[in-house]
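Hello,

Here is the structure we talked about handing over. My notes on it follow below.

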Amino acid sequence: MRQSMFASLVGRLEDADLKPSSKNLTPDRLRIEVLSGLTVALALVPEAVAFAFVAGVEPLVGLYAAFIVGLITALIGGRPGMISGATGALAVVMVALVAQHGVEYLFATVILMGLIQLVVGFMHWGKFIRLVPHPVMLGFVNGLAIVIFLAQLGQFQVPGSAEGGGGHGMASGEWLHGTQLYLMLALTALTMAIIWIWPRITNLIPAPLAGIGIVAILVIALQLDVPVVGDLANIQGGLPPLHIPFTFMPITTDGGLYGDPIAFFTLDTLWIILPYALILAAIGLIESLLTLNLVGEIVGKRGGASQECIAQGLANTVTGFFGGMGGCAMIGQSMINVKSGGRTRIAGTVAALFLLAFILFASGLIERIPLAALVGVMFMVVIGTFAWNSFKIMTKVPLTDAFVIVLVTVVTVMTDLATAVVVGVIVSALAYAWSNATRIFASTEITTDGAKVYKINGPLFFGSADGFVELFEVANDPKAVIIDFQGSRVADQSALQAIEAIASKYEEQGKSIQLRHLSRDSHQLLRNAGHLVVDSDDDPDYEIAADYSVRTGILGGH
């Protein structure tokens, strides 16, 4: 009997890899995890602020989401080492909702989004991520690397001039110029150089953290005039407050109420937020599960899809009740964590706690960090994330797979991740179906008693049904025809229709056909449809080759 949902969740919490052990809490491991978490937290600040601006909400709404989503997913997520928080993929969907209906509707949407993700997790639907082909994964990685790069370009614009309409977090403001631009570029390049060289010097401190620290000290000591985190927004705040959406309505700029207070989750409200919640839940889970697979390949672990869905759902549900904008897995920050040595849940938990500490106690210090240092870190993430070998692979794989890689990359950049993955899977599936459809063929022989045997090779399904029918020479065949399926299998309703169609043609000519060597699933499908006149369980095991006559007129001949 299947465990109850709550028992299942308790089981996942018990396996959360938080128990102290010599394996994950040695002094050296703890140092690596804590420093990795600190590096991730520093990189999370400008990302959360930028994506909050993209969504049209206050910076603290993004920071609270990064803290809550990051903490919960770090504790019970499907893959230790993954980092979650506010993301641009979700922000670009949220902006229309916030602009049309207000921020209260966003909080309610995030709660509903989380509930949908919980259902997906408890129903174990996350396993369908296995259907995503490898070319789609490559396109996802490349597309997201380009999106991360584009999002950083907004930091090369004059703080406060951004209007947010560039997409993927890339603001459309006034570009820096003159000395400020040259300093920004130089410091970004210096950060990247430090990250590249540092591992050759020591591994005591993660290279990204060293790059941020050295460049920050240099800027402060020389009093260089470059954009800093504080130019984006003031990140100082308190603990995330418990907030039930629609207990009050936001105040408009002219001091009036946006509207009358509305009861929580009325039917009218539900119809407004449901489409957004479904889209956000899909994008969040697809990005999270693909990131889970990517991190799993790096750290050598598999599984955890359903657990990640539950973690994302719980995190977003809680975030909505505490005034956060929701989130999902972040491939950039996850790569920073993994490449800095983070392998356990400690790093993600520490990153979330550091982020909260920045908000509560260290906002003044964090706001002095130059944006160029953080951009340099993210640029190195882009270089490390992009699958450069895909250029070489595309010359060796089938043309369809190469096309899918490019297609998913372009669609990810132009629209969003969910659309790109769905398009990639559909194109791959159609290409696979067409490839199998062209593989069906038959060899023939005449038995001693004068019957003609068609030995079918290749799967019989919707794509090959027409080709199957064309294999037979009804007019010229003898009175008895045997169709041997030892090298084939009957897959779907289209295959049943094709068998009935060819049987009807022989019937019209006063001839009979029999089916031989049906696999167990083919036998079951034909028996359920009512096509088999003789019912035997021997043939599926190939112990005795029983021949089955075909009953026609069952599917209507269409």
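**Aromatic contacts and a surface patch**

One aromatic cluster is formed by Tyr454, Phe468, Phe472, Phe485 and Tyr506. Please keep in mind that this is a predicted model.

In total, the structure holds eleven aromatic pairs. In one of them, the ring centres of Phe386 and Trp388 are 4.6 Å apart and the planes meet at 45°, so this pair is tilted. Trp388 also pairs with Phe391: here the centres are 6.5 Å apart and the planes are at 35°, so this pair is tilted as well. Stacked would need planes under 30 degrees apart, and edge-to-face over 60.

As for cover, Phe386 has a relative accessibility of 14% and therefore counts as buried. Phe391, with a relative accessible area of 49%, is partly exposed; the exposed class begins over 50%.

There are also charges placed over rings. Arg200 lies over the face of Trp196, 4.5 Å from the ring centre. The charged end of Lys127 sits over the ring of Phe128, at 5.9 Å from its centre.

Together with Val119, Met123, Trp125 and Leu131, Phe128 makes a nonpolar surface patch of about 520 Å². The relative accessibility of Leu131 is 58%, so Leu131 counts as exposed.

Regards

Conventions
Residues numbered from 1 in each chain as written. Predicted model: local features only at pLDDT ≥ 70, side-chain atom pairs only at ≥ 80, totals over all residues. Heavy atoms only, no water. Phe/Tyr/Trp six-rings, centres within 6.5 Å; stacked < 30°, edge-to-face > 60°. Buried < 20%, exposed > 50% of the residue type's maximum accessible area, 1.4 Å probe, protein only. Lys NZ or Arg CZ within 6 Å of the ring centre and 35° of its normal. Patch = residues over 30% accessible without salt bridge, like charges linked within 9 Å, V, L, I, M, F, W, Y side chains within 5 Å. Areas by Shrake-Rupley, 256 points an atom, 1.4 Å probe, with all protein chains shown as cover. Salt bridge = Lys/Arg side-chain N within 4 Å of Asp/Glu carboxyl O.
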